[in-house]
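Dear colleague,

I am handing over a structure that will be new to you. Please look through the sequence and the coordinates first, and then read the notes below them.

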Amino acid sequence: MLDGIRTYRMISAMWIRSTMTYRASFAMTTLGNFTATAFDFVAILLMFSRVDALGGYALPEIAFLYGLSSVAFGLADLGLGSMERLGRRVRDGTLDTLLVRPAPVLAQMAADQFGLRRLGRVTQGTMVLVYALATVDIDWTPLKLLLMPVMILSGAGIFAAVFIAGAAFQFVAKDASEVQNAFTYGGTTLLQYPPTVFATELVRGVTFVLPLSFVNWLPATYVLGRPIPLGLPDWVAFLSPPVAVACCALAGLAWRAGLRSYRSTGS
Amino acid sequence: MDSGRLYLAVGVGGFRRYATYRAAMVAGIFTNTVFGLILVYTYTALWDERPQLGGYDLAQAVTYVWVGQSLFKTLANGGGGVEGELMERIRTGDIAVDLYRPADLQLWWLAADLGRSSFELLARGVPPFVLGALLFDLALPTDALTWLAFLVAVMLAMLVSFGIRYLVALSAFWLLDGTGVAQMVMFVGWFCSGMILPLNVFPGLLGEIVRALPWSALLQAPADVLLGEGDPLGTYAFQAMWAVLLLAVGRLVQGMATQRVVVQGG
């Protein structure tokens, strides 16, 4: 584990140095990343130029959900976004290079081409979250304050598990890397809207099967003082950390199984 | 007539090439369907608040979602057609080989891209649409003529789409690394083609601007024809105007690029 963290730190530091050699390019791609993610919030603003509420939620409340989802996803994407390149490495045989190095493959893969530009998404999400916190009416308690950082970190953990599980799936599926977009980008898009918008079965699915709703829906509805989705009790709002740990453990097992089953293309 | 056969062969090649990756195709259909579902629910909430928003009723809005997800790959509104490869060839210098060929650069790539988009229309367009129609009430026309009119609009949209992406690719002659431009055009393309929100919902002046831009010829135009909202002939004229304009500018830029091209060696 420590070995993996050290590897990750060294490789990502190397990529950051390499990125910083071309500062103009770095500035442009980060700005691009920022603008790109800003477009879907602009779409939400446009919707609210025509309506006052969506699924019973007003703009500041949706901004709150949006900010939480974007920051949690952005952190996971910053740390592990490179994992989606695994399929390509399996296909062209360059994964073998990573296997012969005396360092954990997961850490090498995650830090490969570490993209600091992905901070653009985190920044955009943070700005929306700050706007939400400034406008939304929350009855703050110490417990709710504590829940804020816990929620963001656990959310990042849950999305990290999705990235790892997605990469593990690519050992089997190779070309089908796009499937994971449905859960990563699709997941964060889903969580940007209130749970009241979606069909109950869908909310159940992302609570009990793929527990994405622990990223923000369950804890955030508690903080906002809204009814918790599916009529669940209040305490589920605090389950995000154990859920995140369990997801990461399962994803780790999937990764191991995937790596064991790997057969090189031999080229 | 020989050159016609040549471009047909290039087009068929493009079609078959994209037909090779079956797993990727299934993965893509799955992803489009998931995004379609998310959009349907948000649009339902939106139209619940404001029925007749943008002149659509709820069934039309839901239909719009599935038209968008189905045409997403075909029209490559966010990029992802042959232009990525063309850019790579310009960057590596392989473009010199293309310029040697006794064929026109623009027509060659247009043929390849039309082959690609025809395949995507059949393979990635039909399944999400059928799934959407099974799961939700769609506002689909009952007469064959409207479907035919829709197909014509899709074909014109393919031309406009290529026109935009060809210009993006040619920028690599000057920038060498076109990733930044491609990224910007991708998100502008999604937003301005109405992938996130139909363009007729955009308010005021912003709405008027986006509806006049070439991207509105991609998704909004065929969708309106299918939903019976737009006059097909007027829509065709708008699309054809942009197609001709973009392809002409592409030809002009291509001329400028090949006049001054210094091929990357190595």
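This is a predicted model: local features need pLDDT of at least 70, side-chain atom pairs count only at pLDDT 80 or more; totals for chains, interfaces and linings use all residues.

Overall build of chain A

Chain A contains 13 helices and zero strands. Its radius of gyration is 19 Å, close to the 18 Å that the globule rule gives for 267 residues, so chain A is as compact as a globular protein of that length. The C-alpha trace of chain A spans about 60 × 40 × 35 Å along its principal axes. Of the 267 residues in this chain, 45% count as buried. Among the contacts in chain A with a separation of 6 or more, 81% are accounted for by residues 24 or more positions apart.

A pair of packed helices

Two packed helices are described by the angle between their axes and the distance between the axes. In chain A, helix α8 (residues 142–173) packs with helix α12 (residues 217–224) at an angle of about 155°, and their axes are 10 Å apart. Because angles over 145 degrees count as roughly antiparallel, α8(A) is roughly antiparallel to α12(A). The crossing of these two helices, α8(A) and α12(A), is left-handed. On the α8(A) side, A:Lys144, A:Leu147 and A:Met151 take part, and they meet A:Pro219, A:Ala220 and A:Val223 of α12(A). By class, the residues of this contact are five nonpolar, no polar and one charged.

Two loop residues with positive phi

Most residues other than glycine have a negative phi. A:Gln113 has a positive phi, near 50°, and is not a glycine. A:Gln113 is found in the loop between α6 (105–111) and α7 (119–135) of chain A. With 12 C-beta neighbours inside 10 Å, A:Gln113 counts as exposed.

A:Leu230, likewise not a glycine, has a positive phi of about 65°. The loop that holds A:Leu230 lies between α12 and α13 (240–260) of chain A. A:Leu230 has 15 other C-beta atoms within 10 Å and is partly exposed.

Contact between the chains

The contact takes 31 residues from chain A and 29 residues from chain B. On the side of chain B that touches chain A, α2 (22–49) and α9 (179–193) of chain B each supply at least two residues. The most comes from α2(B), with 15 residues. By class, that side of chain B has 22 nonpolar, five polar and two charged residues.

With kind regards

How values were computed. Residues are numbered from 1 along each chain as its sequence is written. Chains are lettered from A and ligands numbered from 1 in the order in which they are written. Two residues are in contact if their C-beta atoms, placed from the backbone, lie within 7 Å. Helices (H or I, at least four residues) and strands (E, at least two) are DSSP runs, numbered from the N terminus. Ala, Val, Leu, Ile, Met, Phe, Trp, Tyr, Cys and Pro count as nonpolar, Asp, Glu, Lys and Arg as charged, and the others, Gly among them, as polar. Axes are lines fitted to C-alpha atoms, for helices over the stretch in contact, and angles run from 0 to 180 degrees between N-to-C directions. Angles under 35 degrees count as roughly parallel, over 145 as roughly antiparallel, 65 to 115 as roughly perpendicular and the rest as oblique. A crossing is left-handed if the near helix is turned anticlockwise from the far one by less than a right angle, and right-handed if clockwise. The radius of gyration is taken over C-alpha atoms; the globule rule is 2.2 Å times the number of residues to the power 0.38. A residue is buried if 20 or more other C-beta atoms lie within 10 Å of its own, exposed if 12 or fewer, and partly exposed in between; C-beta atoms are placed from the backbone.
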